[in-house]
Structure formats: structure tokens, C-alpha cells
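Subject: Handing over a model, with notes

Dear colleague,

I am passing the structure below on to you, and my notes on it follow directly after. Please read them alongside the coordinates.

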Amino acid sequence: MSKYGTIPTSSSAGGGAPLGGTSPLDFISRAKARGASALATRRPWRELADVHAIGLPPSLGDAYLRVRANLTHFAMNYAIVVLVVVFLSLLWHPASLIVFLVCMLAWLVLYFLRDEPLVLFGRVVADGYVLAVLAVVTLVLLLLTGATANILSSLLIGLVLVVLHAAVHKSEDNADDEVGRWYAPVPQQPSH
């Protein structure tokens, strides 16, 4: 029976053990599967760009609710938009672009594609610490490349684009996605 295209489920599935008990091929297979599952949470771009779903919110409270619902619904899409804006802004700063790509590789290996907890000096490092350290190191390294204003302005542009879209995109069908994921619905109180 052929095992072509299958993803190994145990770390003893391969021959050599160069990457913590797994072969490089196993690591690549798991990385591909995790990347596909992460991108599966991405919503269709047509849904994001639907011009019929665009409309000004009637009040500031409604805008807040739309932003909250759309940030949940389109989270992966919005992350991709911000990363593309930052990437495009770094095209004119090759040193920053190289640092950005190296940091992205570190994020992939140390955070996104890990199967087992990170262990340093015999102690397990919590994911929150890994996330915080990677974020600080990435930001500091990018700022040291001399493109500080460029990076901060591209992050601000990406953030403005995301919040603006989230505020004007009607999210009636998205509200159900947020229930149970971020909060529990409040039951209606009977009126006396």
C-alpha cells in the first residue's frame, strides 16, 4: 500500500532524526498540512471584497460591533493584508526585507510549525512567551535596519485599512461566528 501524500502521525515514522526525532521530509509534510489548515480559516476573498456588503454603519456603536465581528470573521484575511502591506513597503529596503524574511522563517519554525512544546535548558517554554519574544525580536531587528518610519507607517496603513474595511462591511451573517468563540450570548431578561 502506497503512503505517498500521507502525513506521518508519529515521530518514529522516518529513518534519520535530524530535526528532533523526525526526518526533514516529515517536517515538510507537517508544515504543509499546518499551512493548509491555517489557510483554511481564511474566508473567500470574494466575500471580503463584496461591494454589496459595504455600507456606512448607522452609529458608532454599530461600527464597533461590525469591527468586532469582522475582525473575528476575516482574521486570517486581515493578517494577510497587513503582511502584504509591510512586505510591499520593504521592497525598497533590501536589508529590511531580508531581515523580515529571516524573521518569518523563525516564526514558522519556532511558533507556527512546532508539534511539540519548545524546551530550553530542560524547561518547557509556554507559547505566550515564544510569541512575545518572537514579536519583540522581529520588531527590534526590523527597526535596527534603518527603515523605522517605513515599517511603522506600513503597519499603520495596514491597520487603518483593516479597521476601515471592518467598520463598513456589513456583518449580519458574521455575528454568529463570534458567538461561542469569543463570548457567550446573554439571554434575554423577561420584562416585568
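A contact, as the word is used here, means heavy atoms within 4.5 Å. Among contacts between residues at least 6 apart in sequence, 70% join residues at least 24 apart.

This is a predicted model, in which local features need pLDDT of at least 70 and side-chain atom pairs count only at pLDDT 80 or more, while totals for chains, interfaces and linings use all residues. Residues are numbered from 1 along each chain as its sequence is written, and side-chain values use heavy atoms, with hydrogens and water left out.

Confidence

The predictor's confidence in each residue is given as pLDDT, from 0 to 100. The mean over the protein is 76, and 70% of its residues reach 70 or more. Confidence is highest in helix α7 (residues 148-168), at a mean of 90, and lowest in helix α8 (residues 175-178), at 48. Two stretches stay under 50: residues 1-6, for which the model has 0 contacts beyond four places in sequence, and residues 11-20, for which it has 12 such contacts. Where pLDDT is low, the predicted coordinates should not be read in detail.

Overall make-up

Helices (H or I, at least four residues) and strands (E, at least two) are DSSP runs, numbered from the N terminus. The protein has 8 helices and 2 strands, and along the sequence they follow the pattern α-α-α-α-α-β-β-α-α-α. Relative accessible area sorts residues into buried (under 20%), exposed (over 50%) and partly exposed (in between), with a 1.4 Å probe and protein chains only. By that scheme, 24% of the 192 residues count as buried. Accessible areas come from the Shrake-Rupley method with a 1.4 Å probe, and for residues only the protein chains shown count as cover. The protein exposes about 13300 Å², of which carbon and sulfur atoms supply 71%.

A nonpolar patch on the surface is formed by Val84, Phe87, Leu88, Leu91, Trp92 and Leu101, with about 600 Å² of accessible area together. Phenylalanine 87 has its place in helix α4 and is partly exposed, because its relative accessible area is 31%.

Serine 89 also lies in helix α4, but this residue is buried, with a relative accessible area of 13%. A polar atom of the serine 89 side chain lies 2.7 Å from the backbone oxygen of valine 86. That pair is a polar contact, the term for N or O atoms within 3.5 Å; within protein, one must be able to donate a hydrogen and the other to accept it, and residues adjacent in sequence count only if both atoms are side-chain atoms. Leaving aside residues up to four places away in sequence, serine 89 touches Asn150 and Ser154.

Leucine 90 lies in the loop between α4 and α5 (94-112). Leucine 90 counts as buried because its relative accessibility is 0%. Beyond four places in sequence, leucine 90 touches Ser96, Leu97, Phe100, Leu142, Asn150 and Ile151.

Valine 124, in strand β2 (residues 123-125), is exposed, with a relative accessible area of 60%. Phenylalanine 121 is found in the loop between β1 (118-120) and β2, and at 85% relative accessibility this residue counts as exposed. Its phi is near 55°, a positive value in a residue other than glycine. Most residues other than glycine have a negative phi.

Aspartate 50 is found in the loop between α2 (45-48) and α3 (60-73) and is partly exposed, at 29%. A polar atom of its side chain lies 3.1 Å from the backbone nitrogen of histidine 52. Aspartate 50 and histidine 169 are 119 residues apart in sequence and 8.5 Å apart in space, C-alpha to C-alpha.

With best wishes

Methods: Patch = residues over 30% accessible without salt bridge, like charges linked within 9 Å, V, L, I, M, F, W, Y side chains within 5 Å. Salt bridge = Lys/Arg side-chain N within 4 Å of Asp/Glu carboxyl O.
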